[in-house]
Structure formats: C-alpha cells, structure tokens
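Hi,

Here is the structure I promised to pass on. Have a look at it first, and then read on for what I found.

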Amino acid sequence: MLEGFDERSYLNARRWKPGDDPYTLYAFNQRESERIPSNRALRDTRHYRCTTLHYDSDLPPTSIIITFHNEARSTLLRTIRSVLNRTPVHLIHEIILVDDFSDDGEFDCQLLTKLPKVKCLRNNKREGLIRSRVRGADAARAGVLTFLDSHCEVNKDWLPPLLQRIKQDPTCVVSPVIDIINMDTFAYVAASADLRGGFDWSLHFKWEQLSPEQRARRTDPTQPIKTPIIAGGLFVIDRSWFNHLGKYDTAMDIWGGENFEISFRVWQCGGSLEILPCSRVGHVFRKKHPYVFPEGNANTYIKNTRRTAEVWMDDFRLFYYSARPAARGKSYGDIRSRVELRKKLNCKSFKWYLDNCFLCVFKVSFQLCTFSSFLSLPAATLCVNFSSMHIQTVQCYDASKDTIKHHQCTCLHCISKK
Ligand SMILES: [Mn+2]
C-alpha cells in the first residue's frame, strides 16, 4: 500500500543530542514522536458493547480534510497512516491536505501525495484554520466531509459510527470521543465517554461531566451524547448541509472561536450536535500553540468570539462582554453577511438555544440593580455580578440608545444542568 513512499526520507528525523530540547518547535516531545512508528498499534478504547454493533454496508464515502501549518512530519504522517490503516478503503473517497503556508510545505505536499488517496492543496499565504478548511471543503467531492486535526490517530472502527449517523440524519453533526495522546510520552490514553462540550461566558470551551441524572438516563453506553458545543478539531458533517448552513465564518482568522460559531449555528438553524462514544480518535493536547498568530493570540480570539457573540447570541452577548471586558471596543470586521445568513436560514434565538440545548435549567428572577454595582464597571454596559453558575445581568442599559433604561435587573440562575 505504501510502496512509492519513502517514510524514512520523508521524516528526515534528526539525530538528537543530549541537551537538545525536543519541545522547541512543536510544544510537544518531537523526539518521542519520531521514535514511535507511524503505524503503531493502539489499544481499542471503546466500551466493549461497541464491538457488537453493526453498520450498513452502503455507508456514504467521505472526503477527509486535514489542514496544517508547520506540523511535525511524524505526527502528520501518523494521522494519515492511522486513517489509511483503520478505515475501510471504500469509505475514504479522498484525503485532502490543506497546507496553510507552512515554511517547508512544498515538500510536505510533494511527498505526502505519494500516499494512496492523498491530495494536497497549498495556500500561498497564511489563511488560518477556518479559511483553509473551507478551501478543503470546496475541493471535496464526496457527500460527507470529515475534518481532522493534523496530530491525531484514529482508532479501530472510528468512521462507520459517524457515517451511519449522518446517513440516518444528515442534519446531525457528529464527533468522536477524543482520546488523549500524551504530549510528553505519546502514550495513547482513553478519555472519559461521559463528557460533553460546554463553555463559560467568556467563550472558553470546556469539557463537562455528564451529571449523575444524565448518566443514569444513559442505559446504553453506545448511544450518542447530545452536546451543546463541539470541541471543533474533529467532526463529520454532510457536505450539502455544511454548505447550506454557510460553511464557516471566513472572516475569522487563524484559530479559535470557530467551534462556538458553528455549534450555535448548527443548533439554532435546525441541526444537532452529537458525540458518538463508539468512535474514538486520539489527539495530541498541548499547553500552548506552537505557531504565531500574526495579530496576537488574544486579539485573534477576541475578534473571532466577538463575531460569534454579535451574530448569534442576541442580548446574551452582554454576558460575553462582561466576562471579557477587553472585547469591548475591539474591531471585529463586518458581520452583515453572517447576520443576513442567520435571517435567510430563519434560525432560532439564542434564548431558544439555552433553553433547549441541554445547558441549564434557568430560573429567572428580578431584583434591583444597585447604583454602586453599576458604577463599578468602567464601560457601564452592564450591572452584572456572576459566576458561571449564577449569572446576573440587567436590562437597565439600552445599548441601542446608549442610555440607562431602568434599574430592574434580570437575573438568570442556572439551577441545574439539563
Ligand atoms: Mn490540535
């Protein structure tokens, strides 16, 4: 299968000397990654009942899209080889690599396209994850799109459960359980299958344990888990549905925030998000980004999340601004086409999303907003006092008229996780 591909010369691994720091380039242990074979065996981390499930023999094939920027060759190759080794060949229409203007990307593209099914597109300037993914999606020819990160390893039977679900319901957007590849040892570690995606009001993603009640309701551990948010690195979506929903917000830069945008959009515009516990894909989690953000990491994250808040969160964007005061006054570009899109697709409100997408049971109460709490905020956009479980905001500020309306606060108390 791999004849014509010279792995050793592709990897071009360096000789490590004592004292060399293997974390310099990629913020993970490059030496260990180079030492581990690209086709290593992995422990099957699924629940044993997953092995008894059957999938249709006529599942739709998929285009697998992997974008990368200055990825380590060893991890990129392991991503691709794990896909080739652990996926029924008829289900892979193609593997599309999008090289986002890596320093030596021409070589990566030239060499990797010798692998079966692999095509490579190279950006001629840095575009970031979001526009790179859209470029890959536009080039894709299969009816289903599979987005993968560039430092993953797919596990046994990872793809059929995802494709089966899309075949049943093309409006469903599905993710595997994301196992952990240790950034120091490259050990492959099973992640809990009792997690779903959540966030705080500053739009930071976090994994959230299913509550004891939710777990009790899950009598079948192979069943999908509805999730308010996807982590964003790895997911599968019907291609027409992706296009219909407006792909991604291509005015977002580099990385970050796009998972909120696509998650809110999918739910509010008639779809759903699920994690499928019988699909497992490992991912190297790191503590920091190894690459540069041309506009700075924080500015990029603010621009992307602010666009998300402005387009999708209605008045609840005020929670975002109180949790992230630095976002006020930062430029975020033109959002008119995304607002248009939301109108055209007739999407539901953010309140509907909060009420229906398993976040919280909210209790609303009204109380007087004290003058002092109002004054304590520099921009005076909100009288607010919240933690992630107890949020208060006020209707005493009218953003459109820039005036204080009244002093009644609306408080949302998250009583319990749905
Ligand atoms: Mn990653």
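Predicted model: local features only at pLDDT ≥ 70, side-chain atom pairs only at ≥ 80, totals over all residues.

First, the overall picture. The chain has 418 residues, and 41% of them count as buried. There are 14 helices and 17 strands. Of the contacts between residues at least 6 apart in sequence, 77% join residues at least 24 apart. Mean pLDDT is 87, with 85% of residues at 70 or more. Residues 368–397 are a stretch to treat separately: pLDDT there is below 50, although the model gives this stretch 63 contacts beyond near neighbours in sequence.

Now the core. The largest nonpolar core contains 87 residues, and Ile 65, Ile 95 and Leu 145 have the most contacts inside it. Leaving aside residues up to four places away in sequence, Ile 65 touches Leu 145 itself, along with others including Ile 96, Val 98, Ala 137 and Phe 147.

Strand S8 (residues 195–199) and strand S9 (residues 205–209) run antiparallel and are joined by 5 bridges. Gly 197 stands opposite Trp 207 in S9. Between the two strands lie 5 residues, and Leu 203 in that turn has a positive phi of about 60°.

Helix H10 (residues 297–312) is worth a look too. After H10 comes Asp 314, with a positive phi near 50°.

Finally, two more backbone angles. Most residues other than glycine have a negative phi. Phe 186 has a positive one, near 60°, and sits in the loop between strands S6 and S7. Asn 346 also has a positive phi, of about 60°, and its place is the loop between H12 and H13.

Are these two residues buried or exposed? Phe 186 has 22 other C-beta atoms within 10 Å, so it is buried. Asn 346 has 9 C-beta neighbours inside 10 Å and therefore counts as exposed.

Happy browsing, and best wishes

Methods: Residues numbered from 1 in each chain as written. Core = buried A, V, L, I, M, F, W, Y, C linked by C-beta atoms within 7 Å. Buried ≥ 20, exposed ≤ 12 C-beta atoms within 10 Å, placed from the backbone. Contact = placed C-beta atoms within 7 Å. Pairing = 2+ DSSP bridges. Helix = DSSP H or I, 4+ residues; strand = E, 2+ residues; numbered from the N terminus. pLDDT = per-residue confidence, 0-100.
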